[in-house]
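Let's take a walk through the inside of this protein together. Here are the sequence and the model to keep beside you as you read.

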Amino acid sequence: MNNPWFTQPGTDEGPVLSSRIRLARNLRKYPFHQKLNASAAAGMVAEISGAVPSDFYKLDMQSLSEAEQKVFLEKHIVSPEFLRWDLPRGLMISNDQNVSVMLNEEDHVRIQSVRPGDALADALATANAVDDAIEATLEYAFHTEYGFLTACPTNTGTGLRASYMIHLPCLERTDKFKTLLPAISKFGITLRGIYGEGTESMGGIYQISNQTTLGKTEEEIIQVLQNMTRKVIEHEGHAREKMLTTHRADQENIIYRAYGVLAYSRKITTKEAMDLLSEVRLGYLYGLLDRPRPTKTIYQIMMEIQPGHLQRTAGREMDETERDYARAQYLREIFV
């Protein structure tokens, strides 16, 4: 890999870990995913693969082990739904793994571009370049009034999902957090878990993204998302300042305890480790932790303690207990 986004310093420089653009497209000549048979799906995957820029390489997801597939999920390169489909699928991916194209997910084409920190414009430009390359040789399903046609009506229009991955460790402890979702949903924005729709948050990390794509331009969608994200981050800042003003000593104690457990535990679950890493990240960001920073970004560490990564590193399948011991050993090597 060549400098994937999660290894870059921008991931650890503020509340925004990453910016992501996803474009949903379908080919006019094939029915939507729900109506595809295996033969048509295989032909479609081969056809789209040939249209993606030549510097992308192709992976046959069916040939990968369950642990290997989980690694791509944990890196946010593929979606949980993509791993569940039975029909032929494909994954085209750039050398740095920052840009990917899922072939035959819910839509025929799902282009994804990710950048560290707040960089939606860069992510959009890259995704649009791949989109243009595919459209140069293949005809998309497009309606002059409604825009790009998609399997789910909520994606029809621009087909654009823009999102930030944000760290909200202080806000999620407050009552304000419970009222946040209905407030931002009025503007067509939603907060989801760490792996998107239907998933839970871990380590105080959430995805904030647009819900609708119809009747708006890409620029309008991104502007609303940026405005709402700034508001959410402001609330996180208020919660943090209140915490540091009234409970600074207690918070420092929590952070140093978290560092100690990460550095010396012999067995640790994914959830506990994610929560502790969240506290340590908070400590580094706001000068509450006087310990050397790891050579890896905190989010990279968060990914590498997930089940798929641990099993790939070990080169074998492991049960939950084995993973808990392996996770603790990995963390000791990082923090001691």
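## A methionine to start with

In which helix does Met-243 lie? Met-243 lies in helix H6, where helices are DSSP runs of H or I with at least four residues, strands are runs of E with at least two, and both are numbered from the N terminus. Before going further, please note that this is a predicted model, in which local features need pLDDT of at least 70, side-chain atom pairs count only at pLDDT 80 or more, and totals for chains, interfaces and linings use all residues. Residues are numbered from 1 along each chain as its sequence is written, and side-chain values use heavy atoms, with hydrogens and water left out.

Met-243 is buried, with a relative accessible area of 10%; buried means under 20%, exposed over 50% and partly exposed in between, using a 1.4 Å probe and protein chains only. Leaving aside residues up to four places away in sequence, Met-243 touches Cys-170, Arg-173, Arg-248, Gln-251 and Leu-282, a contact being heavy atoms within 4.5 Å. Cys-170 is 73 residues from Met-243 in sequence, yet their C-alpha atoms are 7.8 Å apart in space.

## Cavities

Searching the whole structure turns up three cavities of 30 Å³ or more. Here a cavity is a set of points, on a 1 Å grid over the protein atoms alone, where a 1.4 Å probe fits but cannot get out; lining residues have an atom within 4 Å of a point. Grid points are joined across faces, edges and corners, and a volume is the space filled by probe spheres set on the points.

The largest cavity has a volume of about 50 Å³. Leu-282, a contact of Met-243, is in its lining, together with Pro-15, His-167, Pro-169, Glu-236, Arg-240, Arg-281, Leu-285 and Tyr-286. The lining divides into five nonpolar, one polar and three charged residues; Ala, Val, Leu, Ile, Met, Phe, Trp, Tyr, Cys and Pro count as nonpolar, Asp, Glu, Lys and Arg as charged, and the others, Gly among them, as polar.

The second largest cavity has a volume of about 40 Å³, and its lining holds four nonpolar, three polar and one charged residue. Among the residues lining it are Phe-187, Asn-210, Lys-216 and Val-224.

## A covered strand and a buried loop residue

Eight of the eight residues of strand S8 are buried. Leu-160, Ala-162, Tyr-164 and Ile-166 cover one side, with Arg-161, Ser-163, Met-165 and His-167 on the other. S8 pairs antiparallel with strand S1 (residues 16–25) over seven bridges, pairing being called when DSSP finds at least two bridges. Arg-22 stands opposite Arg-161 there. Five bridges join S8 to the antiparallel strand S10 (residues 205–210), with Met-165 opposite Gln-207.

Asn-155 sits in the loop between strands S7 (147–148) and S8 (160–167), and is buried at 4% relative accessible area. Its side chain makes a polar contact with that of Arg-22 at 3.2 Å; such a contact is a pair of N or O atoms within 3.5 Å, where within protein one must be able to donate a hydrogen and the other to accept it, and residues adjacent in sequence count only if both atoms are side-chain atoms.

## Helix H9

The buried residues of H9 (residues 307–314) are Pro-307, Gly-308, His-309, Leu-310 and Gln-311. They pack against H2 (66–74), H7, H8 (298–304) and H10 (320–335). Just after H9, Gly-315 takes a positive phi of about 75°.

Notes: On a 1 Å grid over the protein atoms alone, a cavity is a set of points where a 1.4 Å probe fits but cannot get out, and a pocket is an open set with protein on both sides within 12 Å along at least five of seven lines; lining residues have an atom within 4 Å of a point.
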